[in-house]
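Let's take a walk through a protein together, starting with the whole and then visiting some of its residues. Keep the 3D view open as you read.

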Amino acid sequence: AGLARSREVLVLPNNPNVRLAAEQAARICEDRRLVVVPTRNAAEGVAAVLAYDPDLDAAANAGPMTAAGRGLATLQVTEAVRDAKIGGKKVRKGQTIALDPDDGLVAVDGDRDRAVLKAVATFAPGVELVTVYYGEDATLVEAEATASRIGSALRAEVEVVHGGQPHYRYLISAE
């Protein structure tokens, strides 16, 4: 109900494929001002929301919120649904792949644990906190075991959160 009365709305698409639609909606919306914070995944969205300042208007919030989202390193982990070439690397159906929103494919392996550990090894040194958002195809027990391996490999604190996201078994962020 509060959203309907708002004169300004911040839109966090949490997906690069949705960003253009959100920006188009912002241009044509006549009854309120829509400002897009170009988050590329839910982890960036969470960081952006935490940077929100209720004393600022939407336009003034957009920059700091975007910077907060982009300040995270993020990975999306899924299984290849078909044989393909991603970024010049061959991927076979069923292999686990890890994607970075900036660098594309950063790890591929037939063993999920090895793929995840290869992927998190690409995080910049000095990571202190890693968050593992587990999706609809993963279980809490599995996510906690993966988090434990990540924590040991990076010597960092690791939190596990149920993200429930489709398509991606894990969304992993580091700060």
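**A guided tour**

The protein is built from six helices and 10 strands. Keep in mind that this is a predicted model. Along the principal axes, the C-alpha atoms fill a box of roughly 50 × 35 × 30 Å. Of the 175 residues, 38% count as buried. The protein exposes about 9900 Å², and carbon and sulfur atoms supply 51% of that area.

Find T96 in strand 6, which covers residues 96-100. T96 counts as buried because its relative accessibility is 2%, and the cut-off for buried is under 20%. Leaving aside neighbours within four places in sequence, T96 is in contact with V77, T78, E79, A107, V108, D109, R112 and A115. Now move to V91, in strand 5 (residues 89-91). V91 also counts as buried, at 2% relative accessibility. With neighbours within four places again set aside, the contacts of V91 include A80, I86, I97, L105 and V108.

Next, consider charge. The protein has 20 positive and 24 negative side chains, and the centres of the two sets lie 8 Å apart. How many salt bridges does a search of the whole structure find? The search finds 12. One of them joins the side chains of R40 and E44, at 2.8 Å from N to O. Both partners are buried: R40 has a relative accessible area of 14%, and E44 is at 1%.

Another salt bridge links E79 and R169, whose closest N and O atoms are 3.4 Å apart. E79 lies in strand 3 (residues 73-79) and R169 in the loop between strand 9 and strand 10, so this pair ties together parts that are 90 residues apart in sequence. E79 is partly exposed, with a relative accessible area of 24%, whereas R169 is buried, at 10%.

A further salt bridge is formed by E142 and R112, with 3.8 Å between the closest N and O atoms. Since E142 lies in helix 6 and R112 in helix 5, the pair ties together parts that are 30 residues apart in sequence. R112 counts as partly exposed, at 28% relative accessibility. Elsewhere, salt bridges that share partners join R40, E44, R70 and D102 into one network.

Finally, come out to the surface. Here E128, E157, E159 and E175 gather in a patch of negative charge. E128 sits in the loop between helix 5 (112-120) and strand 8 (129-134), and E128 is exposed, with a relative accessible area of 65%.

Most residues other than glycine have a negative phi. R155 has a positive phi, near 50°, and is found in the loop between helix 6 (140-154) and strand 9 (157-162). H167 has a positive phi too, near 75°, and its place is in the loop between strand 9 and strand 10 (170-174). Are these residues buried or exposed? R155 is exposed, with a relative accessible area of 75%, and H167 counts as exposed at 62%.

Conventions: Residues numbered from 1 in each chain as written. Predicted model: local features only at pLDDT ≥ 70, side-chain atom pairs only at ≥ 80, totals over all residues. Heavy atoms only, no water. Helix = DSSP H or I, 4+ residues; strand = E, 2+ residues; numbered from the N terminus. Buried < 20%, exposed > 50% of the residue type's maximum accessible area, 1.4 Å probe, protein only. Areas by Shrake-Rupley, 256 points an atom, 1.4 Å probe, with all protein chains shown as cover. Lys, Arg positive; Asp, Glu negative; His and termini not counted. Charge placed at Lys NZ, Arg CZ, Asp CG, Glu CD. Patch = residues over 30% accessible without salt bridge, like charges linked within 9 Å, V, L, I, M, F, W, Y side chains within 5 Å. Salt bridge = Lys/Arg side-chain N within 4 Å of Asp/Glu carboxyl O. Contact = heavy atoms within 4.5 Å.
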